[in-house]
Amino acid sequence: GPHSFKFEVQNMRSPQSLVNCAQRTGHFKKCWECPGCELYVPGTQAKIIPKAAKSAADVVDTRRTHSVLDVMDLEDSVAVGEKEIARKNVIQALKEVDFGKKTVAVRINGLYSHHMYRDVVDIIEQAGERCDMFVIPMVGNGKDVYMADSLVSQVEEFMGRKKKIGFGLIIEATMGMMNIHEIAAASKRNESLHFGVADYAASTKSRTTNIGGPNKLYGVLTDKDGDKARDFFWGDPWHYAMARIVVAARANGLRPVDGPFGDIADPDGYKAQCERGAALGMEGKWAIHPSQVALANEVFSPGEAEVKQARRVLEAMENAQKEGLGAVSLDGKLVDIASIKQADAIVKKAEAIAA
Ligand code: GLV
Ligand code: MG
């Protein structure tokens, strides 16, 4: 059937969590060496997969900073009647397309569907070792992760596969959000948690038909007895979900990645959403259009001024510690030993991107 071209890109920066991932799965080291952007292509788009591989590579060339994760989708961008052909396309692409040094992933179908076991078995049995990761949708609890791990392990063992497949887990159902800590810790294959905001909104019955945008219902009208004219402030309806994902991911050494923002025609809105994610600790954000890639890259790379300030904090604290002090004032503000950790994370990230 006809499919409109749709792909989803994620941008990621990941110093420490990539090291953790490297230790876990052994294969993520290359991401550490050249950090991240994930490109989602529907598995039905056989002709577009090589182009996607190439267009993602453009992102790498211009930025020199991203490990690129190509994600071929077998789940929600593929209609039910096209699952088999999409899977065949993906297997063929894994064997034939030159993905360069990129990390290559497949978003398999969820455990709720019989397409899932066939995705796992056929890809591992037929597509060689080029698939690095499975992105797993609709994860509900730790047992879901165990089931996927167990199935993957059996097929890997049967095939004598050398490189273990890593997992990116999409938190997008209420059960998954409830059981997020157990999910994050459920497998050594885990590498990242992703906020599937579209399915999450559906699952919570949020009053929206947007994907990942703000909501005019979600605001505060200032008190009618206040001194000034009343104001209406928009809030972020996704704050709780994002913060919960960041905490669960970081606590387990995984990368938290924010989900899609559907309004392609609103780059300012997209950028503001990226910035809120970055402020909370998100490693990156999906994009559903090439125009969103540069915006995410910009936001998720620490800026020059930010890095400079972080280096000043480190310097101030180095001098402080030489004098036996744990805290000093810098520009009239307190900095202490926790400031070293904050600043260090920013400097390390910038260095990894520049490397
Ligand atoms: C992604 O899968 C989403 O539901 O937003
Ligand atoms: Mg989804």
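Predicted model: local features only at pLDDT ≥ 70, side-chain atom pairs only at ≥ 80, totals over all residues.
User: How do I read two packed helices, and at what angle do the axes of helix 5 and helix 6 cross?

Analyst: A packed pair is described by two quantities, the angle between the axes and the distance between them. Take helix 5 (residues 115-126) and helix 6 (residues 142-159): their axes come within 9 Å and cross at roughly 25 degrees. Helix 5 is therefore roughly parallel to helix 6, since an angle under 35 degrees counts as such. The crossing of the two is right-handed.

User: Which residues of helix 5 and helix 6 meet?

Analyst: From helix 5 there are Y117, V120, V121, I124 and E125, and they meet L151, V152, V155, E156 and M159 of helix 6. Sorted by class, this contact has eight nonpolar residues, two charged ones and no polar ones.

User: How are helix 13 and helix 14 placed: roughly parallel or oblique to each other?

Analyst: Helix 13 (residues 304-322) and helix 14 (residues 337-354) have axes that come within 9 Å and cross at roughly 135 degrees. The two are therefore oblique to each other. Their crossing is left-handed. Helix 13 makes the contact with E306, V307, A310, R311, V313, L314 and M317, and helix 14 with S339, I340, A343, D344, I346, V347 and A350. In this contact 10 residues are nonpolar, one is polar and three are charged.

User: Is the crossing of helix 11 and helix 12 left-handed or right-handed?

Analyst: The crossing of helix 11 and helix 12 is right-handed. The axes of helix 11 (residues 267-280) and helix 12 (residues 290-300) cross at roughly 35 degrees and come within 9 Å. On the side of helix 11 the contact is made by P267, Y270, K271, C274, E275 and A278; on the side of helix 12, by S291, Q292, L295, A296, V299 and F300. These residues comprise eight nonpolar, two polar and two charged.

User: Which residues surround ligand 1?

Analyst: A shell can be read by listing its residues, then sorting them by class and by element. Around ligand 1 stand P137, I170, E172, G196, V197, A198, D199, G259 and P260. Five of the shell residues are nonpolar, two are polar and two are charged. Helix 9 (residues 197-203) gives the largest share of the shell, three residues.

Terms used: Residues numbered from 1 in each chain as written. Chains lettered and ligands numbered in written order. Axes fitted to C-alpha atoms, helices over the stretch in contact; angles between N-to-C directions. Helix = DSSP H or I, 4+ residues; strand = E, 2+ residues; numbered from the N terminus. Parallel < 35°, antiparallel > 145°, perpendicular 65-115°, else oblique. Left-handed = near helix turned anticlockwise from the far one by under 90°. Contact = placed C-beta atoms within 7 Å. Nonpolar A, V, L, I, M, F, W, Y, C, P; charged D, E, K, R; others polar. Near = placed C-beta within 6 Å.
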